[in-house]
Amino acid sequence: MAESQAESSTALAQRTQEIVDRTLGTFWREVNDAIGNTYDNREELDLQVRALELLQGEIRARTTRLNSLRNNLVPIHRLPVELLIQIFLRTFNSLHWKIETNRHLASVSKRWWQIVSSSPLLWPKISASRGVPRATLVLKKNPGGPLIVRLDTRKATPGIQDEFMAVAVEEARRWQSIVVQGPLMTKHFDFLETTAPVLQDLFAFQVKGNLEKRLELGEGRPIVNVDVHCISLPWDSSRLAGLKTLQIRRLSKDLPTSEQLHGMLSASPQLSWLRITDCLNGPSDLVDTGVAIGTKPLISLPKLDTLIIQNIPASLRRLLYTHIDSTNVTCLVADKAESDHFASPNLPFSTLVRTCLNATSDVVFTWRDTDGRLTIGSVPLAKVSNNWIPWATRSAGVDLNVDAESGDGLGEVLRAMSPITPAVTLLLLGQGSLPEGPGGDSARTRFSSDSLDHLSTIKTIRCTQNFDAAPLLRHMWEDNPSCCPELRELELWPWRADEELMANDVREFLSVRHGTGDGGENGEEEDESPERGVKRLEKLLLPAGVHERLRATSEELLAGIEVVHTSEPAAVVPPPPPAV
C-alpha cells in the first residue's frame, strides 16, 4: 500500500510539472507577442519585469487563499471564537499578562490576529511601569471588561504615577484585581481606597518602615484573595467573608483580634491558603475583650492546603492552633506550638499535623535539652517563598516548632501524633558537656524515654552534643524492649565521663536487643528478634574507646553491625591515685 501511495505521489508531481511547463510556455509566448522579446530595449525589459511581478502577486494571493482553506481544516481553527478565547485565557495568568503575550498569539494566523485584536478579555491589565500610552491602548482594546491594575512606585516617576492613577480611577467600577507595592504615601492609600465594587483580588505591599495605614474597603462584593504587607484592613468587614487565600505579613498595629480572625475564617470555608507572619507589637498582644477562645466553634476549612504561622501574637496563635479543623493541609510551617495543643490525638491541631506528616515519606524529630524544644521537619522541609500569593512557590511538607517544656510535654506531643507512617529520624541534642569529675554520673536530660513507645517507625536515633543516652538505652533494654521495632541505626556521643560505664550501657542494650543466644539456623544471625518483632541494628556509631571495650568483652554482640566511631572523643579520666 505504501508503494502504491509513493507511485501515485510521483505521478502527480510529474503531471503538475507538465502543467506548470505548459502554462509558463503559454505565458511567455503571449508576453513576447504583446511586448517583444529583445533584450537591448530598456522599455521592453521593464514591461517584462512588470508582467512577472503581476504573475507572482497572483500566485501569492492564490497560495494565501489555499493555505487559509487548508488551515481552516485544522480542528483548532474550526472552533467557535468564544471557545478559542477561553483556550487563549488559559495560556497565561492574567496577573502576569504582558502585551507581548498577545503578540505571540496574534502572529500564528490572520484569524488569531483578528480574535486577539477584538477580544477585551485578552487585554486584562494596565500597569504604571508600562507607561500611560500603553495603558490607554489596553483600555481602548478592553473598553468594558474586567481590569487588573498594577502600580509599583519604584518603577514609575511621581508624574507618571499621578497620571496613571487618574486614568485608572475612571475605570474603578470594573477593577477585578489591584496590585500596589513599593514605598506608599497618602495619595497611594487614597488610590487604594477608591470604591471598587467588583474587586476580587487585593494585593497591597507597603515597604517596612514607611507609613502603616488601615485601608477602608467601601461597599461591594466579597473579596476573594487578600495579600497585605504592613497594611491593615477593617477585619470585620463583610467584604472579607468568602476568602480563598489570605496573607498578612509584617503588620505592627491594627491586627485583627482573635474574635475578628475567627469570624473572618469561619465565613471562608473555601480558604486554601492562610499565611500570617511577623505580626507583633499590636493590640492583639493584649488579652482579647471578645468571647473566650474556648467557647468559639471550630473553624472548618476542608480545602486548606497551605498554612504558615510565624511570629504572631499569642492570642492569634492560640486561636489558630486550637480551632482550625482541616485534614487537607500538605504544607505546614508553624512555630511556638505548645504541648497542650496536643493533649489529645483528637484535638484539631493534632489531627492537622498528623495528616500532614502522613503525606510525607521521611520525618526528623529534633529534641533540644537546652530549652525543651521539639522541632518536627519533613525531608525535604516545607518551604514557602516570600512572594505575593500568585507568584509564591511552595513545597509540601512540615516545619513545626513545639515548646514541649518537659519530658511529659514531649510524651503528650508524640502520643497525639501516633500513629504516623513516614520513616522517623530522632535527633537528640544534649547540654553540650559532660559531668565534671571522675564519677560515673551521666549528663542530665529532660527527654522522656517513654516517648519512644509512641514512634514505632523510628529507623534512626542520633544522640549528639553529649546527650544523656543512659535512660534511653535503659528504657529499650529494661522498660520496653519491644519499642522502636524498626530501629536500624544508632549514634551515641559521649554521655558519661567514664568509658567503661558507657560500654556497660551499650552492652546491656545490645544483649537484650539482639539476644546473646539468638541465632538462626546454621548459626546465622537473624534479621529480627521474632519474640519481640524488633529489627537488628545495622549501624552503630559510638566513641572509639567504648568500641574497644565492647570488642574486648562482648564482640559477639557486634556481629553483623557496621561500627563507626563518632568524631567527638570520650573524655579520658585518669585512674585515682593509689592510697598512701
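Is Asp371 buried, partly exposed or exposed in this predicted model? Asp371 is partly exposed, at 28% relative accessible area. Buried means under 20% relative accessible area, exposed over 50%, and partly exposed in between (1.4 Å probe, protein chains only).

The model is predicted, so local features need pLDDT of at least 70 and side-chain atom pairs pLDDT 80 or more, while totals for chains, interfaces and linings use all residues. Residues are numbered from 1 along each chain as its sequence is written, and side-chain values use heavy atoms, without hydrogens or water.

**View 1. Overall structure.** The protein comes to 15 helices and 25 strands. Both are DSSP runs numbered from the N terminus: helices are H or I with at least four residues, strands E with at least two. Of the 580 residues, 45% count as buried. The protein exposes about 28,700 Å², and carbon and sulfur atoms supply 52% of that area. Accessible areas come from the Shrake-Rupley method with a 1.4 Å probe; for residues, only the protein chains shown count as cover.

**View 2. The largest pocket.** Its volume is about 290 Å³. Of the 17 lining residues, Trp97, Lys125, Ser127, Ser129 and Arg130 are the closest to the centre. β1 (125–127), α6 (132–141) and β2 (147–152) each supply at least two residues of the lining. By class, the lining has 7 nonpolar, 3 polar and 7 charged residues. Ala, Val, Leu, Ile, Met, Phe, Trp, Tyr, Cys and Pro count as nonpolar, Asp, Glu, Lys and Arg as charged, and the others, Gly among them, as polar. On a 1 Å grid over the protein atoms alone, a pocket is an open set of points with protein on both sides within 12 Å along at least five of seven lines; a cavity is a set where a 1.4 Å probe fits but cannot get out; lining residues have an atom within 4 Å of a point. Grid points are joined across faces, edges and corners, and a volume is the space filled by probe spheres set on the points.

**View 3. The second largest pocket.** This pocket holds about 230 Å³ of space. Its lining includes Thr64, Asn67, His77 and Arg111. α2 (42–72) and α5 (110–118) each supply at least two lining residues. α2 gives the most, with 5 residues. The lining has no nonpolar, 7 polar and 2 charged residues.

**View 4. The largest cavity.** The whole structure has 2 cavities of 30 Å³ or more. The largest has a volume of about 90 Å³. Among its 13 lining residues, Leu192, Thr194, Ala196, Leu199 and Leu217 lie nearest the centre. By class, 9 are nonpolar, 2 polar and 2 charged.

**View 5. Salt bridges.** The structure holds 20 salt bridges. Each is a side-chain nitrogen of Lys or Arg within 4 Å of a carboxyl oxygen of Asp or Glu. Asp152 and Arg154 meet at 3.1 Å, N to O. Asp152 is buried at 5% relative accessibility, whereas Arg154 is exposed at 51%. Asp371 pairs with Arg373, the closest N and O atoms being 3.8 Å apart. Arg373 is partly exposed, at 22%.

**View 6. A bridge between strands.** Arg462 forms a salt bridge with Glu489, with the closest N and O atoms 2.9 Å apart. Arg462 lies in β20 (residues 458–464) and Glu489 in β21 (residues 489–492), so the pair ties together parts 27 residues apart in sequence. Arg462 is partly exposed, at 26% relative accessibility. Glu489 is buried, at 16% relative accessible area. Elsewhere, salt bridges that share partners join Glu100, Arg103 and Arg130 into one network.
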